[in-house]
Amino acid sequence: MSLALKLLTGILILSFPLSAFGWDWQTRVTVVVKDQPIEAVCGLLEKEYGIHFSYSRELVNLSRKVTLTIHQQRLKKVLDELFAPDDIRFARVGEQVVLSPAQHSSRTISGFIKDAVSGENLIGATVYSPVLKQGTTANQYGFYSLTTVKDTNSLVISYIGYQPFVQKVAAKGNQMINIHLQPLGSLKEVVISAKENVKLQEQTQMSKVNLNTSELQAMPRLLGEVDVMRTLQSLPGVSGGADGAGGLYVRGGGPDQNLVLIDGSPVFNFSHFFGVYSLLNANVVKTTDLYKGAFPARFGGRISSVVDIAMKEGDMKNYHGDASIGLIAAKFNIEGPIVKDKTSFMLSARRSYPDLFINAAFQADNTLGSGGNFQAFFYDINAKVNHIFSSKDRLFLSFYRGEDNLLLKQTVDDTSYASNPSKYVGEKMKFHVGWGNTIAAIRWNHIYGPKLFSNITLNYSQYKFFTELEHKYTLAVSGEKSDVYGRYSSRMANSGGRIDFDYRPDPRHSICFGAISTMHNFKPGSSVFEDKDSHVTPLDRLDESPEVTGLELSLYAEDNWQIKPDLYASIGLHASGFLVEGRSYYSLQPRLGLRYLLPRNWAVKAAYTHMNQYIHLLSSNGTSLPTDIWVPSTQNVAPMFSKQVAAGVAKTTANLKYEFSLEGYFKSMHNMIESKESNSILVPVETRWDENVTVGKGWSYGAELMLQKKKGSTTGWVGYTLAWSTRRFPGINNGEIYPYRYDTRHDIELVLVQQLGPHWEFSASWHFNSGMPFTLPVSGYAGTDGASPWEPGTGNTGIDRYDNRNNYRGAAVHRLDVGITWSRQKKRWTRSWNLSVFNVYNRKNPYYYYISADPVQQQRYLSKVTILPILPSITYAIKF
């Protein structure tokens, strides 16, 4: 080759880009970028050096921004530096660099998270892997399972009220590690949170609030009693109905549409004292979860809310307890090990005693006669045993019994004829009414492997109501006698079993599935009314009212799935069937929840829920009373069902100090029942109950806002609800839509808890809701003074004309409650005094309205009845 040709060839070579001759790992490259995504760096290498990158955007994330200043470095070293922080593997395939996630061998770490002092399982504790940058939470039994990479050497465990803990993990395969967290020395700032220490934006679940024992104890008390249900009433979207009532009306639903569970067993009447107190001693409550919507697939059977209450399990290490005495009730609780670190127990009891004082007063002035007696009290008993068979098996036995009793016995002896016994007159009267719940359950936890946990539950739940009336009369002069006896009773019982599985295949999926079987037993009512001294008995009898049995079967499955780093979904299905009186119903109930993470740690959430309810409550006046009767769906009355959509935004600040949530919802309710005879649930013997009701629909919609301060010496929350709730029934209000009885447009809740040094704590709550609707006549027609010749004795009658149902609204309801607690810790025990004032400024809130008449002025007035004026109370308590 001539010199000229060699020079020409060299010039051509130098003129071609380097990419024309390929590349290898030793190729030296220069990269200078500032704050650019890795994807841009790959584009630069491709442009300058012909290095093509191939990868899937679904598997490989190149969005991390980097700043590089690299001059003439080997390509292999540059790519190592670029991809190593994101755990991205690269390999040459032909003329391309193929990117893929690094393939690490994995292992699963599982176990239980417990209180180091008492051994109680900690529900909702967080387990976090710094290497994986993902975590999980303990389920309702304290079990956790986290699949992570093999080179994980530590886990971070946290739970509000406890010291965070770093658990070292040995370098070997799957491990079962039980973790014990130390409680903080002094913690009075524990308040409501949607999950104990997980930020709102990190939860797909919405419309849920968690309530713990510390929060309950801080609230002002009605007559000295800490109350779970009244605390729930102070949350957005929840109403208690009329002031002083203990009902639970969630997002426009009725009192029969709430599923109340105690350790997984349903409760049919959840109050004492006609709704003034809830059925549980708050000192035995471990956690309470309220679901207002977005119901997990494992729940079914009610259409408006779920209240899931877990009782304490009993201290595995030490004996301790508490006792308190207040104005109307006293209670105690004791727990401890039967076999240390193996078997524990918990036992509590509570009784009210206003009857002791009232009966003494009656006896003092002989109001009830020589054999008279007055009793008005409630009591409840809780017991639980917790036994650990092995590291993989645990058994729980729990029992609850609660009852209310009202008894009045009166004896009237006419002693004016003592000298002439033939003229003796004697009379005895007795009135007795009682109602109560009985619950028993056995649960078995089993761990099949590091990723699979199960719980089997067998339970029985019964609610019973009865009323008795006796009247004995003796007239010696004529020999006339009368011994009239009447009794009415009703009963509802459930017996069932369920198996629940919790499967954690990897951090991106948390799968729950299971099966439920429930046998419903209905005894709607039996009655007898007879004169024992009469030859014709009984006067009336319905002892043989039919006892109806219904079988409910359910299957469910749900997956909490991380679809992308910023997108999460909760997908579930609850399928159920109901067999009663030869008729079968079935339902497929989809559940869907979505969460998307926005910039600045905000989350937007949405949910759709379908719920079915196979049982109904016959109520005479729309409120929840002991006399209400549970009945099944029939051929004439189909099961209730609801469809609810909800959407909102939520955020917890980085320091876990503040939480903000805003939710909007719309709910439709179908196949609800309303009595045609609105004044009574008792129907003629020959008439079935389902022939005396009308079936209709309801709608509710609104928005709920909650701002909460969770940490510091001052804690509390502000809640606001804007809501509408309506009903439509054929034959009522001319078939037109009308406001629900407990439709309140505005509801405001302010709660404040202030620590005043080491010994004092002050709390206050202020409640406001706009007036509730009720029905008033729009005009009236006066009757004649004389009796009608066609209807003798009907003189001076009048007729009222009514327009629409619930056509007037009552006055706004508002009330301030305050409480202050002083406590001091001794060496072996702690004592405390609590002073609470209910309705501080003595607001006369209406319980119900009625029309009164003034015969002199010949005018009628709208009057109201108030049942809860200002009520101070004082309680003394000890803990040991």
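Colleague: Before we discuss the surface, what are patches made of?
Modeller: Patches are made of residues with over 30% relative accessible area and no salt bridge, and nonpolar side chains are joined within 5 Å. Please bear in mind that this is a predicted model.

Colleague: Which residues form the nonpolar patch on the surface?
Modeller: The patch consists of Ile338, Val339, Val385, Leu397, Ile442 and Leu458. Together they have about 470 Å² of accessible area.

Colleague: Where is Ile442 found?
Modeller: Ile442 belongs to strand β28, which covers residues 425-449. Its relative accessibility is 32%, so Ile442 counts as partly exposed.

Colleague: Let us turn to the chain. How many helices and strands does the chain have?
Modeller: There are six helices and 54 strands. The chain has 880 residues, of which 51% count as buried.

Colleague: What is the accessible surface of the chain?
Modeller: It comes to about 40,600 Å², and carbon and sulfur atoms hold 58% of that.

Colleague: And what share of the contacts with a separation of 6 or more comes from residues 24 or more positions apart?
Modeller: Such residues account for 65% of those contacts.

Colleague: Now the rings. How many aromatic pairs are there in the whole structure?
Modeller: The search finds 27 aromatic pairs. One of them joins Phe53 and Phe83, with ring centres 6.4 Å apart and planes at 70 degrees, so this pair is edge-to-face.

Colleague: Which elements hold Phe53 and Phe83?
Modeller: Phe53 is in strand β2 (residues 52-54) and Phe83 is in helix α3 (residues 75-83). The pair thus links distant parts of the chain, 30 residues apart.

Colleague: Are Phe53 and Phe83 buried or exposed?
Modeller: Both Phe53 and Phe83 are buried.

Colleague: What about Phe578 and Tyr614, stacked or edge-to-face?
Modeller: Phe578 and Tyr614 are stacked, at 5.1 Å centre to centre with 20 degrees between the planes. Phe578 lies in strand β34 (residues 567-580) and Tyr614 in the loop between β36 (602-613) and β37 (615-618), so the pair ties together parts 36 residues apart in sequence.

Colleague: Why does Phe578 count as buried?
Modeller: Phe578 counts as buried because its relative accessibility is 0%; the cut-off is under 20%. Tyr614, at 2%, counts as buried as well.

Colleague: Back to Phe53: which residues do ring pairs link into a cluster?
Modeller: The cluster holds Trp23, Trp25, Phe53, Phe83 and Phe90.

Colleague: Finally, where does Arg443 lie?
Modeller: Arg443 lies over the face of Phe396, 4.9 Å from the ring centre.

Key: Residues numbered from 1 in each chain as written. Predicted model: local features only at pLDDT ≥ 70, side-chain atom pairs only at ≥ 80, totals over all residues. Heavy atoms only, no water. Patch = residues over 30% accessible without salt bridge, like charges linked within 9 Å, V, L, I, M, F, W, Y side chains within 5 Å. Areas by Shrake-Rupley, 256 points an atom, 1.4 Å probe, with all protein chains shown as cover. Salt bridge = Lys/Arg side-chain N within 4 Å of Asp/Glu carboxyl O. Helix = DSSP H or I, 4+ residues; strand = E, 2+ residues; numbered from the N terminus. Buried < 20%, exposed > 50% of the residue type's maximum accessible area, 1.4 Å probe, protein only. Contact = heavy atoms within 4.5 Å. Phe/Tyr/Trp six-rings, centres within 6.5 Å; stacked < 30°, edge-to-face > 60°. Lys NZ or Arg CZ within 6 Å of the ring centre and 35° of its normal.
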